[in-house]
Amino acid sequence: MKQNKGDGVDENFKSDFLSDAEQAQQKLDTVSPSFCLAKWKQLSLHLTTGMNNSCYHPPLHRADADAIKLNPSALHNTDFKKQQRKLMLEGTRPPECSYCWAMEDNNKLSDRHYVVASLGQLKTLKLLRMLHGIKTLPQVMLK
Ligand code: SF4
């Protein structure tokens, strides 16, 4: 069968998207096998309901209105999220991130790698490691 221009497949081709995600995997694994920068750097905030998550895979949870009055960063740095971050720093998989764990258990890269690579979040990894904190303001806010 005659091929049209562009139909051929280059077996050695690797997209920048995939290369960046593989690089992200290596860098994230230097912190822990369950570490994900989206939990620090990304926020989906639903102001009308008071709910949020970081990224969009885990279920939404509510921010504490009293905590926000004292410090607006509590919109993102909820007690629940800080606990999930702590788990990640310790190498434990937060159950709410099951979407990524299912991919990785099938030897695939997950959004844990793709999202942080595509958003350029790895630049902040060094800073986060220096601070080694579980509080941070989001770099990316959705919604
Ligand atoms: S679901 Fe995946 S990409 Fe989202 S915060 Fe959890 S580990 Fe990161």
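Asn107 sits in the loop between α5 and α6, and its phi is near 60°, a positive value in a residue other than glycine. Most residues other than glycine have a negative phi, and most peptide bonds are trans.

## Model and confidence

This is a predicted model, in which local features need pLDDT of at least 70 and side-chain atom pairs count only at pLDDT 80 or more, while totals for chains, interfaces and linings use all residues. Residues are numbered from 1 along each chain as its sequence is written.

The mean pLDDT (the predictor's confidence in each residue, from 0 to 100) is 85 for the protein, and 82% of its residues reach 70 or more. Where pLDDT is low, the predicted coordinates should not be read in detail.

## Overall architecture

The protein has seven helices and four strands, which from the N terminus on follow the order α-α-β-β-β-α-α-α-α-α-β. Helices (H or I, at least four residues) and strands (E, at least two) are DSSP runs, numbered from the N terminus. Of the 143 residues, 26% count as buried. Among contacts between residues at least 6 apart in sequence, 60% join residues at least 24 apart, two residues being in contact if their C-beta atoms, placed from the backbone, lie within 7 Å.

Strands β1 (residues 42-46) and β2 (residues 51-53) pair in the antiparallel sense over three bridges, where pairing requires that DSSP finds at least two bridges between the strands. Leu45 stands opposite Asn52 in β2. The two strands, β1 and β2, form a hairpin with four residues between them, and Gly50 in the turn has a positive phi of about 80°.

## The shell around the ligand

Of the 14 residues around the ligand, Cys36, Cys55, His57, Cys97 and Cys100 come nearest; a residue is near a molecule if its C-beta atom, placed from the backbone, lies within 6 Å of it. The elements that give two or more residues to this shell are α2 (38-41), α5 (98-105) and α6 (111-118), and α6 gives the most, with three residues. The shell divides into eight nonpolar, three polar and three charged residues; Ala, Val, Leu, Ile, Met, Phe, Trp, Tyr, Cys and Pro count as nonpolar, Asp, Glu, Lys and Arg as charged, and the others, Gly among them, as polar.

## Cys55 and Lys41

Cys55 is found in the loop between β2 and β3 (61-62), and the peptide bond from Ser54 to Cys55 is cis, with omega near -20°. The C-alpha atoms of Cys55 and Lys41, which are 14 residues apart along the chain, are separated by 9.0 Å. Lys41 lies in helix α2 and is buried, because 26 other C-beta atoms lie within 10 Å.

Methods
Buried ≥ 20, exposed ≤ 12 C-beta atoms within 10 Å, placed from the backbone.
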